[in-house]
Amino acid sequence: MEEPLLLQHRDDRGVVTVTLNRPQSFNALSEAMLAALAESVAALGNDAAVRAVVLGASGKAFCAGHDLKEMRAEPSLEYYQRLFTQCTDVMLAIQRLPVPVIARVQGLATAAGCQLVAMCDLAVAGQDARFAVSGINVGLFCATPGVALSRNVPRKTAFEMLVTGDFVTAEQARVMGLVNKVAAPEALDDEVEALVAGIVAKPAAAIAMGKALFYRQVETGIESAYADAAATMARNMMDPSALEGVAAFIEKRPPNWPVQAPKT
């Protein structure tokens, strides 16, 4: 029997680990893999019990980007437009999830694989991880990965990566802002868990509201961003979790968060 393209595990906190499972192809984003990811992300977005998502991969590489052999089999403008639209829809769906998504990166993350890391809210990389938007090496400017990359790292850094195709190390990726933390391979899961634990200890409603606002405001002008942020904070303050948190602070006691706060 063929192995599933995605593996999924949920713990008792509502933390879901989704694992790309094409190790023999360096977890390339075939059409089937993109379809599986789209289905998984849609289901997670409709599950109010999910608190965080960890996106990892099997084998030696995180993701080598699009499946070039598959792409070469049907060289038509219509096909390529459909493929890149499919990929874009998956990337945006990850960002639109109401819970934080953490990329767990080992080995290579290239082209659309680097884009996948950039579209996650947080990222932890093993010391052996390397990142590149290397399409230019085969004559293809990584245009769609460039959208995500340029929203994570300084413009000149992003452009240099896009026009040279050069690799950056995990530590370089941390310094430029593409990943949050770097860990020894044997400590990678512990570093991911530290982030997860910090997230699930906080009220779900506040995180969902805040994540949505975070991405809205970065794409707009500063006056509109402040107006949106002020309205969001006002709504957040009326949420039971915020009312309890403020009361606990005033009363100098630990907060007793609502068991299941509604997502917004």
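Me: What are the ground rules here?
Reply: This is a predicted model, where local features need pLDDT of at least 70, side-chain atom pairs count only at pLDDT 80 or more, and totals for chains, interfaces and linings use all residues. Residues are numbered from 1 along each chain as its sequence is written, and side-chain values use heavy atoms, with hydrogens and water left out.

Me: Why is Met 91 called buried?
Reply: Buried means under 20% relative accessible area, exposed over 50%, and partly exposed in between, with a 1.4 Å probe and protein chains only. Met 91 has a relative accessible area of 3%. That is under 20%, so Met 91 is buried.

Me: Where does Met 91 sit, and what is it in contact with?
Reply: Met 91 is in helix α3, residues 77–96. Helices are DSSP runs of H or I with at least four residues, strands are runs of E with at least two, and both are numbered from the N terminus. Contact means heavy atoms within 4.5 Å. Leaving aside neighbours within four places in sequence, Met 91 is in contact with Leu 29, Ala 112, Gln 115, Leu 116 and Met 119.

Me: How do you know that Gln 115 is buried?
Reply: Its relative accessibility is 5%, so Gln 115 counts as buried. Gln 115 lies in helix α4, residues 112–119. Beyond four places in sequence, its contacts are Cys 87, Met 91, Thr 144, Pro 145 and Ala 148.

Me: How do you know that the span of α3 agrees with its number of residues?
Reply: The expected span is 1.5 Å times one less than the number of residues. For the 20 residues of α3 that gives 28 Å. The end C-alpha atoms are 28 Å apart, so the two agree.

Me: What puts the buried residues of α3 on the same side?
Reply: The buried residues are Tyr 79, Leu 83, Cys 87, Val 90, Met 91 and Ile 94. They cover an arc of only 100 degrees around the axis, so they are on the same side of α3. The arc is that of the directions from the helix axis to the C-beta atoms. Leu 77, Glu 78 and Arg 96 are exposed on the face turned away. The cover over the buried side includes α1, α2, β4, α4 and α9.

Me: What makes the buried residues of α10 line one face?
Reply: Ala 225, Thr 232 and Asn 236 are buried in α10. Seen down the axis, the buried residues fall within an arc of 40 degrees, so they line one face of the helix. Glu 223 and Tyr 226 are exposed on the other side.

Me: Why is strand β6 called largely enclosed?
Reply: Of its 5 residues, 4 are buried, so β6 is largely enclosed by the rest of the structure.

Me: How do you know that β6 pairs with β4 and β9?
Reply: Two strands pair if DSSP finds at least two bridges between them. β4 and β6 run parallel and are joined by 4 bridges. β6 and β9 also run parallel, with 3 bridges. Both counts meet the rule, so β6 pairs with each.
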